[in-house]
Structures are given as C-alpha cells and as structure tokens.
Amino acid sequence: MNPPSLLALARQVGLNDCKLKQGFQQVFHTTAFGYLRHYRMERARQLLMDSEVSIEQVAKMVGYSDRSRFAAAFRKEFGVNPKTYQLQWRSEI
C-alpha cells in the first residue's frame, strides 16, 4: 500500500493541497490521513477474520513494516491487540 502524497493527489484532481484538505474534511469528517488509517485498519481486521495469515503478514499487507507499530495502531482503532482479536474471532466461528 503506497498512497500518493497529498500534494500529488491535489495535483491529480486539479486543486491545491489546502483546498483538498478542506474539502476532504467537509465530506468525510476526518483528515485524508485519518481516512487512510481507518481504511488500513478495517482491511487488517478483515484479513484477521477471513484468513490464516500471520499478524506480521497482515501488517505488511496493509503497509506497516514494523509489527509493533501495526499492533499499536490496531489497538488504538479497535481497543484490542490484533492477536487477541484474531483468537476471539476464531473462537466465535
């Protein structure tokens, strides 16, 4: 996962970066980076639920090279460690 910078994205849609940030905030009620972070965590959650992929592989698949940073971001988003989430989900099915 390698998204474009805000400046590159603004150029692609024909806006300056300030207008892009303002418009994004108005439409999505979050920053572009907040949206991306939420998207990545939702994708990670799905991967943890739908497959037998390791936590480290999930982290890499959603753009984290460091497993501990991924775990911290996941915990911040969902209030639980990725491994705990994965184990809880598997015990429910």
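**Helix 1 and helix 2**

I began with helix 1 and helix 2 (residues 17-28), which pack at about 90 degrees with their axes 9 Å apart. The model is predicted, and I took local features only at pLDDT of at least 70 and side-chain atom pairs only at pLDDT 80 or more, while totals for chains, interfaces and linings use all residues. Residues are numbered from 1 along each chain as its sequence is written, and side-chain values use heavy atoms, with hydrogens and water left out.

I fitted axes as lines to C-alpha atoms, for helices over the stretch in contact, with angles from 0 to 180 degrees between N-to-C directions. Helices are DSSP runs (H or I, at least four residues), numbered from the N terminus. Helix 1 and helix 2 are therefore roughly perpendicular to each other (65 to 115 degrees; under 35 is roughly parallel, over 145 roughly antiparallel, the rest oblique).

For contacts I took heavy atoms within 4.5 Å. Leu6, Leu7, Leu9, Ala10 and Val13 of helix 1 meet Asp17, Leu20 and Lys21 of helix 2. I sorted this contact into six nonpolar, no polar and two charged residues. Nonpolar here means Ala, Val, Leu, Ile, Met, Phe, Trp, Tyr, Cys and Pro; charged means Asp, Glu, Lys and Arg; the others, Gly among them, are polar.

**Helix 3 and helix 5**

I found helix 3 packed on helix 5 (residues 67-78) at about 95 degrees, with the axes 10 Å apart. That makes helix 3 roughly perpendicular to helix 5. Helix 3 contributes His38, Met41, Glu42, Ala44, Arg45 and Leu48, and helix 5 contributes Phe70, Ala73, Phe74, Glu77 and Phe78. I noted seven nonpolar, one polar and three charged residues in this contact.

**Helix 3 and helix 6**

Next I looked up helix 3 (residues 32-50) against helix 6 (residues 82-92): their axes come within 9 Å and cross at roughly 45 degrees. That makes helix 3 oblique to helix 6. Arg45, Leu48 and Met49 of helix 3 meet Pro82, Tyr85, Gln86, Trp89 and Arg90 of helix 6. I counted this contact as five nonpolar, one polar and two charged residues.

**Largest pocket**

I searched for pockets on a 1 Å grid over the protein atoms alone with a 1.4 Å probe; a pocket is an open set of points with protein on both sides within 12 Å along at least five of seven lines, and lining residues have an atom within 4 Å of a point. Pro3, Pro4, Ser5, Leu6, Leu9, Phe24, Ala32, Phe33, Tyr35 and Leu36 line the largest pocket. Helix 1 (6-13) and helix 3 are the elements giving two or more residues to this lining. I recorded helix 3 as the source of the largest share, four residues. The lining divides into nine nonpolar, one polar and no charged residues.
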